[in-house]
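Welcome! Please take a moment to look over the sequence and the 3D view before reading on.

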Amino acid sequence: MKERIHSIDIVRGLIMVIMTLDHCRDFLHFPGPSPLNMQTTTVILFFTRWVTHFCAPTFVFLSGVSAFLAGQKRSKKELSLFLLKRGAWLILSDMLIISFLFTFDPLYHVVVLEVLWAIGFGMIILALLIHLPLRAITAIGLIIIFGHNLLDHVQLPENGLTGALTKLFVSASGGASIPLSVNRMVVVLYAVLPWAGIMLLGYVFGAVYKTGFNAERRRRILLLSGVCVTLLFIVLRLINHYGDPAPWSVQRNAAHTFLSFLNANKQPPSLLFVSVTLGPVLILLSFAEQFRGRFSSFCRVYGNAPYFYFIVHLCFIRVINMVLIVLTGLPIKFNGFPLVWQADGFGYPLWAVYLFWAFVVAALYFPAKWYGNYKRNHTQWWLSYL
């Protein structure tokens, strides 16, 4: 039976449950302005979207941790080859499976490069760097995370091959499109390098989870790191000068001013975005080692089967979406090539989205539990990719 680190599975599972809320909102909520638009959003709508900001950084960071742990039973050459193949598989999954589920276009007029693309390419970069000393990997990760916002003051190329490479690897602000032909394009939601910095940092933190590392010392390191990173966000956000391309500002009331303060830039992930998300996650990882009870066991089920649950829950939500569209009697037609296809006139209020969220999570509990147990008790080669 394969050994797993329960605290990592608890945190990853909790984040996957939160992620499901965001995707239910994507597929089932009324279309409208961005939930992060201070001029139109409500507090509950903002937090429904904002809390899911913890998902991508946590997935990427824990993927780095998992890569380090995978290397404990492999040589550097074996780990490098595994990361290359695993990364390529995740990129292919994003382009073929996730793109179809989002756009609902079997002809792939729009290919979406989402979080699996970022994780996959991050693994490929990590595969090339794992032969370096851990301190060098730490330095590279920190330089990327702390230095990336220097590009806020640089006019980056937008056209031609240079522009395409910039969008793919450096900065995909707000979802950058790369036209391939008159009616085909690639939409880059996750530029590679800023997210790769988070994965490199996760790989470094993986060292505290290796066999024989003192558990109390690990908890102190995680807690202290999390507190320092969270304080870094508060200090830099108060200074309001470096670390995010969109400074916070006073809004129409105190609540929305607070929302503006929290609203760091995700695409590409700014220093403040990384700080406000990974800081609390590191603190949670510290305390999660002592979590017991039903809720932690519940979260572990989803954390045991991350790729399986990610793909299956998106398929399930899209099926619910299509069934509801048919039952509502709305015409199924395509107007252009939207990032997330939706029937005209379809959508439910936010309270209904929360009910759908609870239903999806509950319905997939036993499938996720079955797969997690199967994977833990079997050793077929393909299970390491799913």
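Here is a short briefing on this model, grouped by topic.

The model is a predicted one. Its largest nonpolar core holds 117 residues, and 7 salt bridges are counted in it. A nonpolar patch on the surface has about 580 Å² of accessible area.

**The nonpolar core**

- Within the largest nonpolar core, the members that touch the most others are Leu28, Phe61, Leu83, Leu285 and Phe310.

**The strands**

- Strand 1 covers residues 110-113 and is covered on both faces. Val110 and Val112 are buried on one side, while Val111 and Leu113 are buried on the other.
- In a regular strand, side chains alternate between the two faces of the sheet.
- Strand 3 (residues 184-188) pairs with strand 1 in the parallel sense, over 4 bridges. Here Leu113 stands opposite Val188.
- Strand 2 (residues 176-181) and strand 3 run antiparallel and are joined by 5 bridges.
- Strand 2 and strand 3 make a hairpin, with 2 residues between them.

**A glycine in helix 5**

- Gly122 sits in helix 5, which spans residues 115-129.
- Is Gly122 buried or exposed? Gly122 counts as buried because its relative accessible area is 2%, under the 20% cut-off.
- Not counting residues up to four places away in sequence, Gly122 touches Ala196 and Met199.
- Gly122 and Gly197 are 75 residues apart in sequence, and their C-alpha atoms are 8.2 Å apart in space.

**Salt bridges around Asp22**

- Asp22 and Arg25 form a salt bridge, with 2.9 Å between the closest N and O atoms. Both residues lie in helix 1 (residues 6-28), 3 residues apart, which is about one turn of the helix.
- Asp22 also meets Arg49 in a salt bridge through their side chains, at 3.4 Å from N to O. This second pair links distant parts of the chain, with Asp22 in helix 1 and Arg49 in helix 2 (residues 43-50), 27 residues apart.
- Which residues make up the network of salt bridges? Asp22, Arg25, Asp26 and Arg49 are linked in it.
- Asp22 is buried, at 10% relative accessible area. Arg25 is buried at 12%, and Arg49 counts as buried at 15% relative accessibility.

**Helix 9 and the surface patch**

- The nonpolar patch on the surface is formed by Leu223, Val227, Leu231, Ile234, Leu238, Phe287 and Phe291.
- Which helix gives the largest share of the patch? Helix 9 (residues 215-239) does, with 5 residues.
- Leu238 is found in helix 9. Leu238 counts as exposed because its relative accessible area is 56%, over the 50% cut-off.
- Helix 9 also holds Glu216 and Arg219, which are 3 residues apart, about one turn of the helix. They form a salt bridge, with the closest N and O atoms 2.7 Å apart.
- Glu216 is partly exposed at 38% relative accessibility, whereas Arg219 is buried at 17%.

Conventions
Residues are numbered from 1 along each chain as its sequence is written. This is a predicted model: local features need pLDDT of at least 70, side-chain atom pairs count only at pLDDT 80 or more; totals for chains, interfaces and linings use all residues. Side-chain values use heavy atoms; hydrogens and water are left out. A nonpolar core is a set of buried Ala, Val, Leu, Ile, Met, Phe, Trp, Tyr and Cys residues joined through side-chain atoms within 4.5 Å. Buried means under 20% relative accessible area, exposed over 50%, partly exposed in between (1.4 Å probe, protein chains only). Patches are made of residues with over 30% relative accessible area and no salt bridge: like charges are joined within 9 Å, nonpolar side chains (Val, Leu, Ile, Met, Phe, Trp, Tyr) within 5 Å. Accessible areas come from the Shrake-Rupley method with a 1.4 Å probe; for residues, only the protein chains shown count as cover. A salt bridge is a side-chain nitrogen of Lys or Arg within 4 Å of a carboxyl oxygen of Asp or Glu. Contact means heavy atoms within 4.5 Å. Two strands pair if DSSP finds at least two bridges between them.
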